[in-house]
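Visitor: I am new to this structure and would like to be walked through it slowly. Could you take my questions one at a time?

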Amino acid sequence: MSVRSCSPPPATTRPSCSARATGGDYYDYIPFPNGHLGLVVADVSGKGVPAALIMATYRATLRTQVRNDFELFHIMEEVNRFLGQSIGCARCAASSHSIRK
């Protein structure tokens with residue numbers, strides 16, 4: 001994926017640049033209601049808009065589950081169950097997660 005160059009952002013923000021292509025790559029910091037901080041890096045099989053839509057579903061499901069549970073195993077179990085029901089076996093998502101306490 002190529003990214004256009006951006007002017008340097010203020011020190012308190014992350015750069016935001018338009019991508020020339022879209023896909024299913026995702027990374028995020030997720031604050032938990034209990035004060036912990038989660039880090040997620042994920043990728044969906046495939047390319048383009050279909051992969052991006054699946055990743056948007058993954059992101060929304062993950063963030064919703066973080067509000068309901070603090071245990072990573074339970075969160076990912078629910079995300080996996082929901083995605084399996086939504087997209088079936090035609091596509092897959094791989095992810096890595098970490099929680100800082």
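Visitor: Which residues does Y26 touch, not counting residues up to four places away in sequence?

Guide: Please keep in mind that this is a predicted model. With residues up to four places away in sequence set aside, Y26 touches V40, V41, A42, M55, Y58, R59 and R63.

Visitor: In what order do the elements of the chain run from the N terminus on?

Guide: The secondary structure of the chain is made up of two helices and three strands. Taken from the N terminus on, these elements follow the order β-β-α-α-β.

Visitor: Which element gives the largest share of the largest nonpolar core?

Guide: This core has 16 residues, and those touching the most other members are Y26, Y58, L62, I75 and V79. Two or more residues each come from strand 1 (25-31), strand 2 (37-44), helix 1 (48-68) and helix 2 (72-87). The largest share of the core, amounting to six residues, is given by helix 1.

Visitor: Is T61 buried or exposed?

Guide: T61 has its place in helix 1, and, leaving aside neighbours within four places in sequence, T61 is in contact with V79 and F82. The relative accessibility of T61 is 11%, and because a residue under 20% is classed as buried, T61 counts as buried.

Visitor: Which element gives the largest share of the nonpolar patch on the surface?

Guide: The patch is formed by Y27, Y29, L37, L39 and V41, which together have about 490 Å² of accessible area. Strand 1 and strand 2 are the elements that give two or more residues to the patch. Three residues, the largest share of the nonpolar patch, come from strand 2.

Visitor: What distance separates the C-alpha atoms of S98 and Y29?

Guide: S98 lies in strand 3, which covers residues 93-100, and at 39% relative accessibility S98 counts as partly exposed. Although S98 and Y29 are 69 residues apart along the chain, their C-alpha atoms are separated by 9.6 Å.

Visitor: How much of the accessible surface of the chain belongs to carbon and sulfur atoms?

Guide: The chain has 101 residues, of which 23% count as buried. Its accessible surface comes to about 7100 Å², and the part of this surface that belongs to carbon and sulfur atoms is 54%.

Visitor: Over which residues does pLDDT stay under 50?

Guide: The chain averages a pLDDT of 77, and 77% of the residues score at least 70. Confidence is highest in strand 2, at a mean of 88, and lowest in strand 3, at 78. The model has 14 contacts beyond four places in sequence for the stretch where pLDDT stays under 50, and this stretch is residues 1-11.

Key: Residues numbered from 1 in each chain as written. Predicted model: local features only at pLDDT ≥ 70, side-chain atom pairs only at ≥ 80, totals over all residues. Heavy atoms only, no water. Core = buried A, V, L, I, M, F, W, Y, C linked by side-chain atoms within 4.5 Å. Buried < 20%, exposed > 50% of the residue type's maximum accessible area, 1.4 Å probe, protein only. Helix = DSSP H or I, 4+ residues; strand = E, 2+ residues; numbered from the N terminus. Contact = heavy atoms within 4.5 Å. Patch = residues over 30% accessible without salt bridge, like charges linked within 9 Å, V, L, I, M, F, W, Y side chains within 5 Å. Areas by Shrake-Rupley, 256 points an atom, 1.4 Å probe, with all protein chains shown as cover. Salt bridge = Lys/Arg side-chain N within 4 Å of Asp/Glu carboxyl O. pLDDT = per-residue confidence, 0-100.
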